[in-house]
Amino acid sequence: MDAAKRWALILMGGGARGLAHVGVLRVLEKNGLTPAIVTGTSMGAIVGGCYAAGVTAETLTGWLGGLSADDFGRKGGAAGLFKRPKNLFEYVLVTNYKNRFFGKFGRDKGDAIEATLKSFVGEARIEDLPVRFACNAVDLVSGREVLFTAGPLYKALRATMSLPLVFAPVRMGGMLLLDGGIVNSAPVEAARAMGAEVAVLVDIHRPLKRLPAARIKGPLQVVQRTIEVASAASFEERARAADFVIRVPVDLGILEFSETRRIARKGERAAAAALPALREAVGAEP
């Protein structure tokens, strides 16, 4: 067997599908496989950024299972106007909607999503994380991809997850930042630039299928479809740049967070099946 190699884990964006990354990390953690580098986009960046900051796969798994009243149920107001979230990720969406709703009536409480992300990772800075990390966003001002390799982690995560029409864009240093998946949902090149000898991509993309016009009813569906089309156009080339791919088939929309544990289990099964080949690819002992 080859000597152990410096390897990177690349976690794609994909909204709810990105929760499959939790299952992948769970298998890697159980088997003593720790990447030297993690790069991610959108939900992949949130999962990967928390992991790089020291949040264990077990803790990430716990976040999928529900919310205690002590932790989250007492936050916010007028809960009766909104459905009660079933898990942490639905909580983030509901909090966002609450914040926007009350902001229209002069009760703007600031960026609730940024505050939530900060509660996950604290004041951690990307350059100080135990595992090297990077995530991306797209700047609407310049039209270019922006790569975060330093600075406050929570701010980078807030930028990379800014899905159009769902979350407000982030203003930062003259830039107006949106979800990195718009231009690059699989930052393999970033991992290479950070010194990865082996790039391991977790592929959660949903192959683009013909969609009846009747199902594209409103602005949100239009934006979601636009992102899917744009991502599909560039994904195949980026996937070919990876050395090893763990394919996780998850046929769900980006906002379908109702079955979080089932999504994570799909990631577990795919990672477990790929484990022997992955060990060989990264030069890890069996």
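## Largest pocket

The largest pocket has a volume of about 480 Å³. The model is a predicted one. In the pocket lining there are 17 residues, and those closest to the centre are Arg206, Leu211, Arg215, Gln224 and Glu228. By class, eight of the lining residues are charged, six are nonpolar and three are polar.

## Largest cavity

The count gives one cavity of 30 Å³ or more. The largest cavity has a volume of about 480 Å³. Its lining takes in 30 residues. Gly13, Gly14, Gly15, Ser42 and Ile254 lie closest to the cavity centre.

Four helices, α2 (43-52), α5 (88-103), α6 (112-121) and α9 (219-240), each give two or more residues to this lining. Helix α9 gives the most, with six residues. The cavity lining divides into 17 nonpolar, nine polar and four charged residues.

How do two packed helices get described? By the angle between their axes and the distance between the axes.

Helix α1 spans residues 20-30. The axes of α1 and α2 come within 10 Å and cross at roughly 30 degrees. Angles under 35 degrees count as roughly parallel, so α1 is roughly parallel to α2. The crossing of α1 past α2 is right-handed.

Which residues make the contact? From α1 come His21, Val22, Leu25 and Glu29. From α2 come Gly44, Val47 and Tyr51. By class, the residues of this contact are four nonpolar, two polar and one charged.

Technical notes:
Residues numbered from 1 in each chain as written. Predicted model: local features only at pLDDT ≥ 70, side-chain atom pairs only at ≥ 80, totals over all residues. Heavy atoms only, no water. 1 Å grid on protein atoms, 1.4 Å probe; cavity = no way out; pocket = protein on both sides within 12 Å on 5 of 7 lines; lining within 4 Å. Points joined across faces, edges and corners; volume = space filled by probe spheres on them. Nonpolar A, V, L, I, M, F, W, Y, C, P; charged D, E, K, R; others polar. Axes fitted to C-alpha atoms, helices over the stretch in contact; angles between N-to-C directions. Parallel < 35°, antiparallel > 145°, perpendicular 65-115°, else oblique. Left-handed = near helix turned anticlockwise from the far one by under 90°. Contact = heavy atoms within 4.5 Å.
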